[in-house]
Amino acid sequence: MNKYIRWIGAAVVVLIWVALTGAAWFGSDEAYSISERRDLLQWPGDPNPSGYSDVSKKDWPGLTTETVMDTTFMQAFEDYTTEQFPLRDKFRQVKALFHYNALMQKDNNNIYVVDGYAAQMDTFTDTDKLTATLMTFNRLYDQILKDAGCDIYTAIVPDKNYYLAPEYGYLSMDYELMLSMIHGRMPWAQHIDLTDCLTYKDYYFTDTHWRQEHLIPVAQKIAAAMGNTLPQESDFTKELIDAPFYGVHYGHAALPMDPEQLFVMNNDLLKACTVTYQDRTGKTVQLQGVYDYGRMVSSADLYDVFLSGEFGVITIDNPNATTDKELYVFRDSFGRSLTPLLLQDYRKVTLIDPRWARTIWAAGEMNPLFNLDSNDDVLFVYSTSVLNSDGIV
Amino acid sequence: MVFSSIPFLYYFLPAVVICYFLISYLVGLVFKALNRDKEQTRKATLFTKNLILLLFSLLFYGWGEPIYLFLMIGSIVMFYLCGLAIDKAQTQKAKKLWVGVSVVVSLSLLAVFKYADFFVENFNALTGLSVPFLKLALPVGISFYTFQCMSYTIDLYRGNCQVQRNIVSFGAYVSMFPQLIAGPIVRYVDVAKALDNRTHSWDRVSLGLRRFVVGLAKKIILADNLALMIQIFRDSAEPSVLFYWMYAIAFTLNIYFDFSAYSDMAIGLGKVFGFDFIENFNHPYMSKNVSEFWRRWHMSLSFWFRDYVYIPLGGNRVKFARWLFNTFAVWFLTGMWHGASWNFILWGLLYFCCLVLEKLVPAMKKLPAVLGHTYTMLVVVLGFVLFNATDLAQAGSDLACMFGFGNLPLISSQTIYYLQSYALLFVLCIVGSTSLVKNTANRLCERRGVNTVVAVLEPIILIILLLVCTGYLVDGSFSPFLYFRF
């Protein structure tokens, strides 16, 4: 009797295996992974554009003698079969759930979730990368900022892990070491401490970034340090961006998490601003208002509504500024959601992200961007996670 | 291509199984339709099966290393011809000559592809010269299939098996993908009958499937997660004495589950295709002395060295000095087989020393279970630290740090975090490395009523394991088997 039960059981296992195999062999290819924000490798001759203009395409090497002998075809086939496996995101969820609940692992791919918030552990403090970044900042200061006589500030943004790790027993980078290195090697800047303005609840559940609607205290602290008018919550209207926001950790964590809501803080002053940047093709783009609502459709990352996304140089002209001062912001993506809250006292704000302006940077063509005088302000806004991972060079 | 990958599980394996059974069945139908007799039909069907196995095995091998496919094909042809020559030879001297040719060619392949740069490195170090390195990539599985081929010609010479006249059948034996790249080392005598006449049944397939899925789960869920911890340890900026011990134990468990998992999958696949491969592991971490450990660990290799090196040298039926030499030779070669590096050789010689000690002090084999087990596991764990080091310097450093000579704290915050994170995995692996799970399952199967529940639960568990393993693979974990470098 048990022999027959075993045979039937084996048949069921085989049927499931066959079903998955059939789906893998004959299922249609997905063009894009929402959870991972990237194009997926598709079978050659069946390109199905993802529709996202700001993500790169993946190319198949093709079956040739060369690609077989150097195994690039095999590697591409293996990547293809893994990326196009049916129910891929569901299987990743199965793995994540098993990893957390059955094996009782504290993190999955260095991502952990506590109190509904997903965060990435940074277990290693990359002092070499930070040193290289600080050397670049010092070069910038020597070449452009030093003689201008303007006020220079830094506002280092603690990442979510800064707050979650000590409270919930996770590992983190050495934030004290990082901050002391920054303070020590940028003696020409006034350092604004943001750590007491935030908690982990001021960040998105599934993304690394902070919520703009929670940044009024941060903006007030920066404005106070810079001698500007303090922004008030009542100065803005909280607007919901009507699209689901899948944060960057949504895909990494692979856990069943819901997309969340993204709000922007708007007012007439911000709506009257003009934002100018050069897109990836070199074309100059101009937008009215600091929030690019078109990104709800065209971008893989809804956070790109803040100043249209990652471009090397973005300028904001504010016709309703209370002064003629200019602000130069060296920043990563965190600066894009912060800057609109600081705009009111500046006639013009120039945001520079050296990671996306490498050609200008390398060619030494940064100088024309700057028309500094002693009334202007310079602000460095970088998150600890970016300084510890990408750096700016 | 590795077993624990989406292309293998959902493309290659289904394709070979479908072709193997479907095409051979169709060939059988055609022969019956042509009114051929039963024996002719049987032979045609078997030939088809062996041909499909051969072709797919060559595809499997060439997938990872296309250029070395020619080496594999050349080895098949060479050993096939040596086998024919041995069989045809009229005198013992001529037979010996052809065996000698096959052994020399096998060892030359290993010498060139695996050991050449090791010899050059040591030669340069001794002489101060700068002989250039060959820098040849190691053909995957060369240590396994050369040993398998040597077993064929030697057993043929000894009269332990008949010559294989069908090159397709012989090629299928040499290149058979289930055990091609990480064993077990399958001797020709063990599969000769099945090559020429094998049967299939759903019972065998279901048993093979069970063994394969369990092996897959051992590899992906247990071994690969331990491998992650090992990588975290190597990348850690906060080492501690405890972290070093965690690493040592993790690697000891990792190599067992990784290697035994591959053997499980090979044996399982063998069953599906009608072959019975020998067992390669028998709960080695339950051993109470080193002698017992090597009767339970990588048994196919131990038996190979016993039958083709140790016994021909005289075994233990010689004077003590000669026995010492025989044992030294076996363990020196065992170490070398694992890798072209001094740490592997020293690892082998560590076991030589322990075996000599156990021979000289018989009481060591009769220690109380706890003491014996502790002594054995200490040797095994420290031995694997030596085994896994990239060189002697790292081995020395690792061992020193384990015993507090590395100026490290006893514990660190990272160590505590990863101990908490991997605690359950450690427990599961330690329990899983014993016979407790198997014995419990067997006892449950013997009880009326409970055995039916077990029979119903078994496929459910297998399905869950398959889906979880698929989840891990889709999540992008790359998990090459450790013994590929051999």
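## Ground rules

Residues are numbered from 1 along each chain as its sequence is written, with chains lettered from A and ligands numbered from 1 in the order in which they are written. Since this is a predicted model, local features need pLDDT of at least 70 and side-chain atom pairs count only at pLDDT 80 or more, while totals for chains, interfaces and linings use all residues; side-chain values use heavy atoms, leaving out hydrogens and water.

## Where A meets B

Let's start with the interface. Here 49 residues of chain A are in contact with 53 residues of chain B (contact means heavy atoms within 4.5 Å). Between them they bury about 4,600 Å², and carbon and sulfur atoms give 71% of that; buried area is the accessible area (1.4 Å probe) that two parts lose on being put together, summed over both.

There are 15 residue pairs in polar contact between chain A and chain B, both residues at pLDDT 80 or more (a pair of N or O atoms within 3.5 Å; within protein, one must be able to donate a hydrogen and the other to accept it, and residues adjacent in sequence count only if both atoms are side-chain atoms). On the side of chain A that touches chain B, α1, α2 (65-69), α3 (72-83) and α4 each supply at least two residues. The largest share, 17 residues, comes from α1(A). Helices here are DSSP runs (H or I, at least four residues), as are strands (E, at least two), numbered from the N terminus.

## Salt bridges

Asp203(B) pairs with Arg6(A) at 2.3 Å, N to O.

Another salt bridge links Asp475(B) and Arg92(A) at 2.8 Å, N to O. Asp475(B) sits in the segment after α19 of chain B and Arg92(A) in helix α4 of chain A, so this pair joins two chains.

## The largest pocket

This pocket holds about 1,800 Å³ of space. Its lining runs to 46 residues, with Arg210(B), Val214(B), Val437(B), Lys438(B) and Ala441(B) nearest the centre. A pocket, on a 1 Å grid over the protein atoms alone, is an open set of points where a 1.4 Å probe fits, with protein on both sides within 12 Å along at least five of seven lines; lining residues have an atom within 4 Å of a point.

## Backbone details

Gly183(B) and Pro184(B) are joined by a cis peptide bond, with omega about 0°. Pro184(B) lies in the loop between α7 (177-180) and α8 (188-196) of chain B.

Over in chain A, Ser308(A) has a positive phi near 75° despite being a residue other than glycine. You'll find Ser308(A) in the loop between α11 (295-298) and β11 (313-317).

Methods: Points joined across faces, edges and corners; volume = space filled by probe spheres on them. Salt bridge = Lys/Arg side-chain N within 4 Å of Asp/Glu carboxyl O.
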